[in-house]
Structures are given as C-alpha cells and as structure tokens.
Amino acid sequence: MTEPSKVIHVRNVGLEITEIDLHQLVQPFGVVTKLVMLRAKNQALLQMQDVDSAVNVLQYYTNTQPSVRGRNVYMQFSSHQELTTVDQNSQGRKNGEQDSQPNRILLVTIHHMLYPITVEVLHQVFSPHGFVEKIVTFHKSAGFQALVQYQLCQSAVQAQSSLQGRNIYDGCCQLDIQYSNLNELQVNYNNDRSRDFTNPSLPSEQRGRSSQQSGYGDSGSLYGLQPAGVRPGSFTQMSNVAAIAAAFGGVLPHGVTGTNDRCTLLVTNLNPEKIDEDKLFNLFSIYGNIVRIKLLRNKPDHALVQMGDGFQAELALHFLKGAFLLGKRLEVNFSKYPNITQAPDTREYAGSPLNRYNNNAVKNYRYCCSPTKMIHVSALPQDITEEELVTHLEEHGTILNTKLFEVNGKKQALIMFENEEQATEALVCKHATNIDRSVIRISFSQLQSI
C-alpha cells in the first residue's frame with residue numbers, strides 16, 4: 001500500500017476537465033500548492049499544502065465517488081512525496097514514458113480552446129522568451145497544435161519551463177508544451193496559420209489553392225469563422241454559446257437552447273415588503289451581467305431584470321424559475337419588452353464592478369446552478385474566524401456546518417444552511433457586504449457536504 005503523501009494521483013481526467021475543476025474538487029480540505037496535468041495519460045498530480053489535507057481528501061472520497069463534469073475520477077496517494085519542476089516537465093516518466101530531449105522546436109497543444117489561436121497570438125505568447133524563427137499551426141486528433149521554432153535551444157527551454165500548464169486567456173486555452181523531435185520546420189506560406197519570421201517575402205497562399213500548411217497536420221479551417229481582434233489576457237464577447245457549452249462539459253443544460261436573443265426577464269411573485277433592486281441584482285448576477293432593474297410600482301410583486309445578453313437571460317430563467325426567495329416562489333419569464341428604458345425609477349448596473357462577468361466569464365459560467373443550501377464565500381478578511389462569519393450570516397437561517405480554507409493565499413469559506421431558501425436569503429442579503437473593510441462575494445456551491 002502506498003504511504004500517505006501530500007501528493008494525490010488522480011486518474012480518468014478527461015480533456016474536458018480543467019485545473020480549476022480539480023481545485024474546486026479538493027478546496028474544502030486545504031490549499032493546493034501545485035497541480036500537474038498529465039494530458040497524454042488522462043491523469044493529474046495534485047499537491048496539497050500538507051499530508052493531513054491530502055489524507056482528509058482521500059478519506060472523504062473513499063465513501064463518496066468524486067465526479068467532475070459527469071466523469072468519475074479516481075484518487076490515490078502518489079509515490080511522489082513532493083512535486084518538483086522535474087516532475088512537472090516529466091509527463092509521467094515513472095510510468096514508463098520517456099521524456100523528450102530539450103530542443104529548439106516546441107510541440108504545443110492547446111486544451112479548452114474557446115478563442116481562436118493564430119500565429120500572431122502564439123508569437124505574442126512565446127516571443128518574450130527568445131527570438132521565434134518559425135511557427136506552424138495545425139489540427140490533429142489531440143486537438144489544435146502548433147510547432148514553435150526558436151533560434152536558440154535555451155530560449156525553448158525557458159519558454160517550456162515558464163509557460164507549461166498556463167492559460168493564454170483567462171480560464172481557457174491551456175498550454176501543453178513538449179519538445180519536438182524535429183530538426184527544422186518547413187514553412188511555405190506566411191499567413192495566420194504559419195509564419196517564417198526570417199523570411200517575410202513568402203507568399204500568403206499558393207495561387208488557386210487554400211493556404212493550408214502541409215506536412216504537419218490537417219486543415220485549420222475549423223477556426224476560419226472566428227472573429228479577429230482577440231488578444232491574450234482579454235475576454236471578448238466572441239461566442240457565448242461556445243463558452244457556456246464548454247463550461248457545462250460541452251453540452252448546454254437541458255432546456256437551454258443557446259439561441260435566445262431576449263435580454264429582459266419579468267420576475268413575479270416577489271415579496272414586496274423585503275425585496276429591492278440590490279437583492280435581485282445579487283441573485284440574478286450569478287448567471288450574467290446586469291444592465292438595469294426596475295421594480296414595478298403599480299405591481300409591487302413584479303420586477304424587470306435586463307441581462308447582458310440573451311444567453312445569460314436564458315440561464316437565469318432556467319436556474320431560477322420556481323426558486324424560493326424571501327418566503328415566495330419566484331416566477332421568471334421572458335418580458336415582452338426588449339429592454340428597460342432608463343428612467344428615474346430604474347436602477348443602473350451596467351458599469352457596476354460587482355457584475356460577476358466582467359472578468360473570468362468562462363469560470364463563472366462553469367459554476368452556474370440552481371440555488372443550493374451550500375454557499376461559497378470569498379474575498380474574506382485573512383484573519384476572520386468561523387464564529388465571526390457565522391455571526392454575519394446566521395440571521396438568515398440555521399447554519400449546519402462551516403469550513404474556512406485558503407486558495408492561492410486568499411481566505412474563503414463554505415457555509416451549509418438547513419435548506420436552499422435560507423442559503424438564497426443569505427446570498428441576496430449579504431453578497432457585496434463589508435466585513436472588516438473587505439467586500440465579500442457569495443455564490444452557490446454545488447458541493448453536497450463539507
């Protein structure tokens with residue numbers, strides 16, 4: 001039997017599973033200090049902050065089957081006691097796979113590619129580490145791939161060490177970098193799929209034919225319809241359907257078409273004595289950015305909520321229809337009005353920094369769900385105690401369990417209420433409130449227990 005270790009070996013890790021998913025799976029038990037995705041083997045190595053945290057993870061998942069995006073994953077202690085840089089670059093050497101020798105040509109595979117990746121994007125990513133001579137992109141069974149040739153081998157080594165496992169865009173387009181066994185790339189055309197930076201006079205395409213680069217892979221036409229102008233590090237409104245589908249494991253939730261273009265929702269059966277615009281914002285912003293909200297004064301239990309786009313409105317309707325809020329069962333439907341006209345009796349949220357989808361949109365789509373009895377609280381003061389957090393939230397219901405933990409040095413918590421209605425009330429009343437000068441953020445957690 002393998003000795004306990006703070007390194008956990010995870011098997012059956014499909015391509016749809018991201019680093020963020022694995023962090024979410026174990027974050028209630030402690031801090032993850034290192035994570036290595038062994039994509040070629042559908043495995044991962046995950047290092048907790050200490051052995052006790054890893055033991056707690058495996059004890060819990062001995063009785064509960066861990067599942068990520070509908071796929072069962074399997075955990076055991078690793079034979080590694082500590083992950084090192086060598087481990088991260090080895091891609092499973094202990095299991096018999098041989099490492100490639102350092103080479104000035106890198107083979108790059110892009111996982112979870114939600115945005116188009118062109119030669120220009122790759123050049124921006126790799127050129128800070130040395131002079132890039134040539135880039136060729138292609139599509140094979142492993143997904144979208146590229147060969148990047150440096151002038152010097154040491155530049156390729158530095159790039160591989162610095163960029164392996166990182167995302168080009170926030171939450172997606174993860175780099176999986178290995179050394180190629182090729183000695184020289186042959187580039188015939190300079191275009192958005194291949195480029196010889198030492199020979200700018202090459203034609204963009206062969207007359208009468210597609211400018212496909214032959215010899216390395218299949219046509220790159222899959223990405224021909226994607227809009228241009230995306231830059232690494234930014235999130236643009238390029239394809240919400242793709243982002244939502246990818247976040248839900250490649251398939252939209254049942255009943256969500258992804259084709260709706262109506263942005264405004266009519267919310268009825270509200271509690272007029274307790275509801276206000278900010279409480280509605282706190283709830284509906286889980287599913288998308290909010291433009292503005294209007295409470296109908298002639299119908300005190302009615303409100304209009306304008307979402308950022310039709311996809312987000314459809315998600316909100318799907319997950320909130322029939323939910324309990326402040327003692328009432330919500331009715332949510334599309335409004336006959338395409339938008340809410342700005343007026344003195346409307347509340348504006350379009351520029352609010354509290355909108356959850358200004359950044360990390362892909363990550364936020366991933367955590368969309370109907371209200372649950374478990375809430376996740378982040379942006380907490382570093383010195384907060386469980387007792388202080390319970391005091392801040394207990395007026396909204398019976399708290400059954402709590403757990404404070406850290407992710408990347410930031411204090412977070414899971415709070416379990418007696419039922420979904422109590423958790424929802426805590427969320428709408430206490431999201432974006434202050435605790436010791438920290439503006440806390442609250443969302444629903446899909447975890448069933450702590």
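**Aromatic pairs and an exposed loop residue**

Phe 29, Tyr 60 and Tyr 61 come together in one aromatic cluster. The model is a predicted one, in which local features need pLDDT of at least 70, side-chain atom pairs count only at pLDDT 80 or more, and totals for chains, interfaces and linings use all residues. Residues are numbered from 1 along each chain as its sequence is written, and side-chain values use heavy atoms, with hydrogens and water left out.

The structure holds five aromatic pairs, where rings of Phe, Tyr and Trp (its six-membered ring) pair if their centres lie within 6.5 Å, planes under 30 degrees apart counting as stacked, over 60 as edge-to-face and the rest as tilted. One of the five joins Phe 29 and Tyr 61 in an edge-to-face arrangement, 6.0 Å centre to centre with 65° between the planes. This pair links distant parts of the chain, since Phe 29 sits in the loop between helix H1 (19–26) and strand S2 (32–38) while Tyr 61 belongs to helix H2 (residues 51–63), 32 residues apart; helices (H or I, at least four residues) and strands (E, at least two) are DSSP runs, numbered from the N terminus. Both Phe 29 and Tyr 61 are buried, that is, under 20% relative accessible area, whereas exposed means over 50% and partly exposed in between (1.4 Å probe, protein chains only).

The rings of Phe 281 and Tyr 349 are stacked because their centres are 4.5 Å apart and their planes lie at 15°. Phe 281 counts as buried at 2% relative accessibility, and Tyr 349 likewise at 5%.

Arg 437, in the loop between strand S23 (434–435) and strand S24 (438–439), is exposed, with a relative accessible area of 76%.
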